[in-house]
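Q: Please take a close look at one part of this model. I would like to know where the residue sits, what surrounds it, and how the neighbouring elements pack.

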Amino acid sequence: DNEMLDAESAKLTEAALAAMKAGDAKTFTEKFEQALRTNPGEPVTHMNYGSLLMQFAASQPPGDNQATLLNRAEGELVTAANMFQVNYKPKLAPIVSQTFFLLGEIQYFARNNPAKAKSLYEQSLKLWNHAGAQEALKRY
């Protein structure tokens, strides 16, 4: 049942976050991936994992590992965005907005695609008054 899956996924996500705070990237990844396998239809888990992978990527020196982390982050965020659009609920507007903002950041900073980034920032703002997206649009 969905409540049990949500509870189990939330427990694994909490363990992943604790591992991240402790600097344990291996356990962080294992727990988040286990949470995704437990409840693959939960877009918030995909969004959170993508967001945290972006943070890990930012802490890495430029190179293959950073690129791999960014690719994985982008994949999780795209998955979340697609899921949110299929089953949109207004109460999720802030987190959906954040998802589009983060995708914009990847396009702007990692993919050197300011036009696509701008579109994603604008999409973010259509959903919620996202301060980061407002600030990002000042670049244009």
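A: Start with Glu 105, which lies in helix 5. The model is predicted. Glu 105 has a relative accessibility of 16%, so it counts as buried, the cut-off being under 20%. Its side chain has a partner: a polar contact of 3.4 Å joins the side chains of Glu 105 and Arg 139. Arg 139 is also among the residues that Glu 105 touches.

Helix 5 spans residues 93-110. Helix 5 packs against helix 4 at an angle of about 145°, and the two axes are 10 Å apart. The crossing of helix 4 and helix 5 is left-handed. On the helix 4 side, the contact is made by Leu 70, Ala 73, Glu 74, Leu 77, Val 78, Ala 80, Ala 81, Phe 84 and Gln 85. Helix 5 contributes Ile 95, Val 96, Thr 99, Phe 100, Leu 102, Leu 103, Ile 106, Gln 107 and Ala 110. By class, the residues of this contact are 14 nonpolar, three polar and one charged.

Helix 4 runs over residues 64-86, which makes 23 residues. At 1.5 Å a residue it should span 33 Å, and its end C-alpha atoms are 33 Å apart, so the two values agree. The buried residues of helix 4 are Gln 66, Leu 69, Leu 70, Ala 73, Glu 74, Glu 76, Leu 77, Ala 80, Ala 81 and Phe 84. Their cover includes helix 5, along with helix 2 (25-38) and helix 3 (43-58).

Then follow the chain past helix 5. Asn 112 is found in the loop between helix 5 and helix 6 (114-127). Most residues other than glycine have a negative phi. Asn 112 is not a glycine, yet its phi is positive, about 55°. Its relative accessible area is 66%, so Asn 112 is exposed, the cut-off being over 50%.

Ser 9 is placed in helix 1 (residues 2-21).

Definitions and conventions: Residues are numbered from 1 along each chain as its sequence is written. This is a predicted model: local features need pLDDT of at least 70, side-chain atom pairs count only at pLDDT 80 or more; totals for chains, interfaces and linings use all residues. Side-chain values use heavy atoms; hydrogens and water are left out. Helices (H or I, at least four residues) and strands (E, at least two) are DSSP runs, numbered from the N terminus. The expected span of a helix is 1.5 Å times one less than its number of residues. Buried means under 20% relative accessible area, exposed over 50%, partly exposed in between (1.4 Å probe, protein chains only). Contact means heavy atoms within 4.5 Å. Axes are lines fitted to C-alpha atoms, for helices over the stretch in contact, and angles run from 0 to 180 degrees between N-to-C directions. A crossing is left-handed if the near helix is turned anticlockwise from the far one by less than a right angle, and right-handed if clockwise. Ala, Val, Leu, Ile, Met, Phe, Trp, Tyr, Cys and Pro count as nonpolar, Asp, Glu, Lys and Arg as charged, and the others, Gly among them, as polar. A polar contact is a pair of N or O atoms within 3.5 Å; within protein, one must be able to donate a hydrogen and the other to accept it, and residues adjacent in sequence count only if both atoms are side-chain atoms. Lists of a residue's contacts leave out its neighbours within four places in sequence.
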